[in-house]
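Please open the structure in your viewer and keep the selection panel at hand. The tour below goes from one selection to the next and says what is to be found at each stop.

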2 protein chains.
Amino acid sequence: MEKPTLPKGTRDFGPLQMARRQFILETIKSVFQKFGFQPLETPAMENLSTLTGKYGEEGDQLLFKILNSGDFLKEVDKTLLEERNTKSITSAICEKGLRYDLTVPFARYVVMNRHEITFPFKRYQIQPVWRADRPQKGRYREFYQCDADAIGTQSLICEAEIILMIREVFNRLGISDYTIKLNHRAILSGLAELCDAREKESSLFVAIDKLDKIGVEKVKEELRSRGFSENSLTVLFDILQAKGTTREKLELLSGQFTGISTGQKGVADVKEVLELLSSFNANEEHVEFDIALARGLSYYTGCIFEVKINKVSIGSVGGGGRYDNLTGVFGLPGVSGVGFSFGVDRLYDALEELKLFPKEAQISTRVLITHFDETCKRFGLGVLNQLREKGIASEIYPDSVKIQKQFEYANKKLTPYVVVIGPDEMKTGVLAFKNMKTGEQRKISLPDIISELTRAI
Amino acid sequence: MEKPTLPKGTRDFGPLQMARRQFILETIKSVFQKFGFQPLETPAMENLSTLTGKYGEEGDQLLFKILNSGDFLKEVDKTLLEERNTKSITSAICEKGLRYDLTVPFARYVVMNRHEITFPFKRYQIQPVWRADRPQKGRYREFYQCDADAIGTQSLICEAEIILMIREVFNRLGISDYTIKLNHRAILSGLAELCDAREKESSLFVAIDKLDKIGVEKVKEELRSRGFSENSLTVLFDILQAKGTTREKLELLSGQFTGISTGQKGVADVKEVLELLSSFNANEEHVEFDIALARGLSYYTGCIFEVKINKVSIGSVGGGGRYDNLTGVFGLPGVSGVGFSFGVDRLYDALEELKLFPKEAQISTRVLITHFDETCKRFGLGVLNQLREKGIASEIYPDSVKIQKQFEYANKKLTPYVVVIGPDEMKTGVLAFKNMKTGEQRKISLPDIISELTRAI
């Protein structure tokens, strides 16, 4: 018999990983809820007509498609089969695909339920997505996304709140060295206009986005090859490389954007977001205005965000921005909003690298009842019942085996306390109670154990 | 542009449904954890070699298969295509399928990780599964399963704990009128032996399983057509229709099973489970020993369970049992265990029918800040920040619109309290605080609001 395996690029999450993932996900979820976002879940499968054409040519290639049920070849044209036209046959034999992200299903949901939804609508969604990407370190074919979006309002309060939410999540996770990069698409458009390159905006954004990775000279080279003049490059890089505080950079831009209304709008929005933060009595800690932040996705139109954890190997753990046409592709124009997405897998890796997972994150019971023999075990059931009645998660070793094996079980499950029941304990009702961390063992009554454990919760 | 739709048999879960589902799932999860079960998650996609052949011919038909990426037809034999041999082509163009239940992936996980797992291993798993079933009322193509299994132990303590867990879940959900049906496969085998029908066991089980639905006469007819003698039917139905307490029924069986060791083993196990309950200081409330309970799945070998909510349209909301060969199909024999699965969708429908969802289950903030104009809104941000700092989930209406529209938003989101900020409030710091349920509005300072709300949590 062949040994079973997992599909490439997928993973099991055992008890330890689950406990750690739940620590991350519960943290994010409770912050989202505290800020008024409500949960949504959509099906894993969507019609391919919903998904295709939304992620570019490459994205379409990466969609997992689901074979139609039953006699799926019945209606397929004979010549199609003979020609082995993969693309046409695919659409003939597959109607559905797996969710590729949470944004398109959200847009679909909004369009289908627009008459029932109360706008502004603030939803969060935490679900897996699937991409037929080549698996490699840190890149999986199934991974979780963690999105929050506020739609149906232009208010920049939402942008300020995204910054506050990120800070609260990181604070609760115990991450202190990180940067929330902030920029605005209109500032980038303003730069393009300043370089006389309005029609080459996207080449400009793509090039700028690589500054971090390939450096100034290579980006300049790329822009030259795209027809940017030396003069415009000088103007551009004077701005991109400007030092100073956020205010100073904004002043510099404002001065440069004379007569460029798009650019001015971007500067004004960023200023407004920072002012709103101060109305929240919040400071600008961790926020860095970064003129070179571009972010790939073309649908952003306003502020854009990216969060990086400093001094770890995988830096970027989230991003987002404002868009002004979420649902246009489904025939409902004018729905604007702003969203942010946490990368759970990367946060997991970063927390592991920084050794920030609380040891207690292992989900386990607090007490294991161990026993010398069948009679003691039976006596232990009554003890167990009393612990559970007080809400104390606890269990009994179910088989009658050597006490050492029972202790091993507690050790491996990281159970903090063990109760030992032998004939003496049954006679006196005074139990042996062991702290597995310190190794200390005491004789103590059950009511005292219960009051100690309920106090410690 | 075509309006987007959902694939047949799938559903979105909006904020209200999500809140209710989370109420159910969190309840089950916390009970599982209290009893020492640890979380596991497996990928949505499994290799088809893992899935096929595990659910019978019909199950294989109901697997959702995923088309291989890239040029999936490249290696497919020409004659296969010409013959349109659906089955062979499927296995040539699909390597993966969607999870059909949680049991097979669990077995696969156990085999792959058997050297790291601490046995007895108690895991719970709450994830969606997919079946290409014909959609109908109450039957979906994507639905959640909620499984707990304890493997690597023969101890009947696990069976007793399943009963305790079910009762705790139902108690927390507020369901009081329900029945936990209990039987044992060996008792059914004993009955078959008693009828001289050892080799017709499965026809007997299938027929008995229908007693509830089609009644005594039709079941007898079916058994006659399978070659059961009148004499054996008399013996059988005298037992199946016996009245009396659980002890009386067990005594009756014990008397009948003279020389039938299988049957005696079943009787002894059921007795032991009930005795263990009493060692737990627990009664037998809601437990009904039902000799006619058969449950379809063939891999059960010991106790079997089924839970029914009485007086609702969809009764059965969960089931399970003991099996002695979970992982044999993957080459690891001798792993026995016992499991139970809650049907979340059916629990949802039942709770709705019984009107048992707590109104507060709607996940929302507790306070909405409303405002007369831009200046008041900005003032409101400081108020909002103080509420959140005290851990109170709250939000501000992000746009400057008529106060009535802001109140409507709070109403629709079921937000219990609204703070109104106008020029007076800004001047005096005394805020208008409205209880949306009673309609009562008071003038009260922010610290007093906070202490009221933190007290009420």
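**A loop residue with positive phi**

Begin by selecting A:Asn281, which sits in the loop between helix H13 (261-279) and strand S8 (287-289) of chain A; helices (H or I, at least four residues) and strands (E, at least two) are DSSP runs, numbered from the N terminus. The model is a predicted one, in which local features need pLDDT of at least 70 and side-chain atom pairs count only at pLDDT 80 or more, while totals for chains, interfaces and linings use all residues. Residues are numbered from 1 along each chain as its sequence is written, chains are lettered from A and ligands numbered from 1 in the order in which they are written, and side-chain values use heavy atoms, with hydrogens and water left out.

The phi angle of A:Asn281 is near 60°, a positive value in a residue other than glycine. A:Asn281 counts as exposed because its relative accessibility is 57%, where buried means under 20% relative accessible area, exposed over 50%, and partly exposed in between (1.4 Å probe, protein chains only). Now select B:Asn281, in the loop between H13 and strand S8 (287-289) of chain B; its phi is likewise near 60°, and with a relative accessible area of 58% B:Asn281 is exposed.

While helix H13 of chain B (residues 261-279) is in view, pick out B:Ala268 within it. This residue is partly exposed, with a relative accessible area of 42%, and its C-alpha lies 8.7 Å from that of B:Leu250, although 18 residues separate B:Ala268 and B:Leu250 in sequence.

Move to A:Pro120, in the loop between H6 and S5 of chain A, where the peptide bond from A:Phe119 to A:Pro120 is cis, with omega near -10°. In chain B, a cis peptide bond joins B:Phe119 and B:Pro120, with omega about -5°, and B:Pro120 is placed in the loop between helix H6 (103-112) and strand S5 (121-130).

Next, colour helix H6 of chain A (residues 103-112), of whose ten residues nine are buried; among them are A:Phe106, A:Arg108 and A:Tyr109.

**A buried threonine**

Select A:Thr179, in strand S7 (residues 178-184) of chain A, which counts as buried because its relative accessibility is 12%. Its side chain makes a polar contact with the side chain of A:Asn310 at 3.2 Å; a polar contact is a pair of N or O atoms within 3.5 Å, of which, within protein, one must be able to donate a hydrogen and the other to accept it, and residues adjacent in sequence count only if both atoms are side-chain atoms. Not counting residues up to four places away in sequence, A:Thr179 also touches others, including A:His286, A:Glu288 and A:Val307.

**Salt bridges within chain A**

Show the side chains of A:Arg20 and A:Glu352, which meet in a salt bridge (3.1 Å, N to O), defined as a side-chain nitrogen of Lys or Arg within 4 Å of a carboxyl oxygen of Asp or Glu. The pair links distant parts of the chain, 332 residues apart, with A:Arg20 in helix H1 (residues 15-34) and A:Glu352 in helix H14 (residues 344-353).

For another pair, select A:Asp133 and A:Arg139, joined by a salt bridge at 3.6 Å, N to O. A:Asp133 counts as buried at 18% relative accessibility, whereas A:Arg139 counts as partly exposed at 36%.

**Across the interface**

Finally, display both chains and select A:Glu161 and B:Arg388, which form a salt bridge with their closest N and O atoms 2.8 Å apart. The pair crosses from helix H7 (residues 157-173) of chain A to helix H15 (residues 374-389) of chain B, and both residues are buried. A:Arg388 and B:Glu161 also meet in a salt bridge, at 2.8 Å.

The contact takes 110 residues from chain B and 110 residues from chain A, and the rule finds eight salt bridges across the interface.

Notes:
Contact means heavy atoms within 4.5 Å.
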